Amino acid sequence: MVQKLLHTSQIEMGESLFGYILRLSNLNYYDTPTRITSLGGLPSLSAAAHFITSTEVDLTVLASLSDTPVVELHSRMYYPAKHSSTGCRTVSFFGHQVHHDTIRYRNAKLCPMCLSEFGFCRAV
């Protein structure tokens, strides 16, 4: 049986999955998100490109830990677009097709002013 995290929060509109994992880490007083990904049975965030675009990543344990619907977590993934109208390699980003190079998987930049204003990492 999977237990819930001590502190959970609803995922915010426009929040990235990485941002949500970081926020859960902070809410639960973990130094790094590794504890959340480990408890959730997820790959390390350092494997971001594979993790965030893989259709094989199971988010059910993370959903149970965070008391978040698994469908909501899946909506934050960047799955390959099923029918790319551009002919280029595209991913689905909140229902829109974007070129895969547009998504910055490594060394993501965070805006401290945005974090203080909104309290979470936006997907873009």
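A salt bridge is taken here as a side-chain nitrogen of Lys or Arg within 4 Å of a carboxyl oxygen of Asp or Glu. By this rule, three salt bridges are counted. The structure is a predicted model, in which local features need pLDDT of at least 70 and side-chain atom pairs count only at pLDDT 80 or more, while totals for chains, interfaces and linings use all residues. Residues are numbered from 1 along each chain as its sequence is written, and side-chain values use heavy atoms, with hydrogens and water left out.

The protein chain contains six helices and two strands, where helices (H or I, at least four residues) and strands (E, at least two) are DSSP runs numbered from the N terminus. Read from the N terminus, the order of elements is α-α-α-α-α-β-β-α. Of the 124 residues of the protein chain, 37% are buried; buried means under 20% relative accessible area, exposed means over 50%, and partly exposed lies in between (1.4 Å probe, protein chains only). The accessible surface of the protein chain is about 7,900 Å², and carbon and sulfur atoms contribute 55% of this surface. These areas come from the Shrake-Rupley method with a 1.4 Å probe, and for residues only the protein chains shown count as cover. Among contacts in the protein chain with a separation of 6 or more, 49% are between residues 24 or more positions apart, a contact being heavy atoms within 4.5 Å.

One of the three salt bridges joins the side chains of Asp-67 and Lys-4, with an N to O distance of 3.7 Å. This pair links distant parts of the chain, 63 residues apart: Asp-67 is in the loop between helix H4 (60-66) and H5, and Lys-4 is in the segment before helix H1 (17-27). Asp-67 counts as exposed because its relative accessibility is 54%, whereas Lys-4 is partly exposed at 49%. The backbone of Asp-67 has a positive phi of about 55°, although the residue is not a glycine.

A salt bridge is also formed by Glu-15 and Arg-23, whose closest N and O atoms are 2.8 Å apart. Both partners are covered: Glu-15 is buried at 0% relative accessibility, and Arg-23 is buried at 13%. In the salt bridge between the side chains of Glu-72 and Arg-76, the N to O distance is 2.4 Å. Here Glu-72 counts as partly exposed, since its relative accessibility is 28%, while Arg-76, at 5%, counts as buried.

Helix H1 is mostly covered, with eight of its 11 residues buried. The buried residues in H1 are Leu-17, Phe-18, Gly-19, Tyr-20, Ile-21, Arg-23, Leu-24 and Ser-25. Arg-23, listed among these, is the residue that pairs with Glu-15. In the segment before H1 lies Ser-16, which is buried with a relative accessible area of 8%. A polar atom of the Ser-16 side chain lies 2.8 Å from the backbone nitrogen of Gly-19. This distance falls under the rule for a polar contact (a pair of N or O atoms within 3.5 Å; within protein, one must be able to donate a hydrogen and the other to accept it, and residues adjacent in sequence count only if both atoms are side-chain atoms).

Just after H1, Tyr-29 takes a positive phi of about 60°. Tyr-29 is in the loop between H1 and helix H2 (34-39). With a relative accessible area of 67%, Tyr-29 is classed as exposed.

Leu-73 is located in helix H5 (residues 70-74). At 0% relative accessibility, Leu-73 counts as buried. Not counting residues up to four places away in sequence, Leu-73 touches Ile-11, Leu-17, Tyr-20, Leu-59, Leu-62, Ala-63 and Thr-68. For Leu-62, which is 11 residues from Leu-73 along the chain, the separation of the two C-alpha atoms is 8.6 Å.
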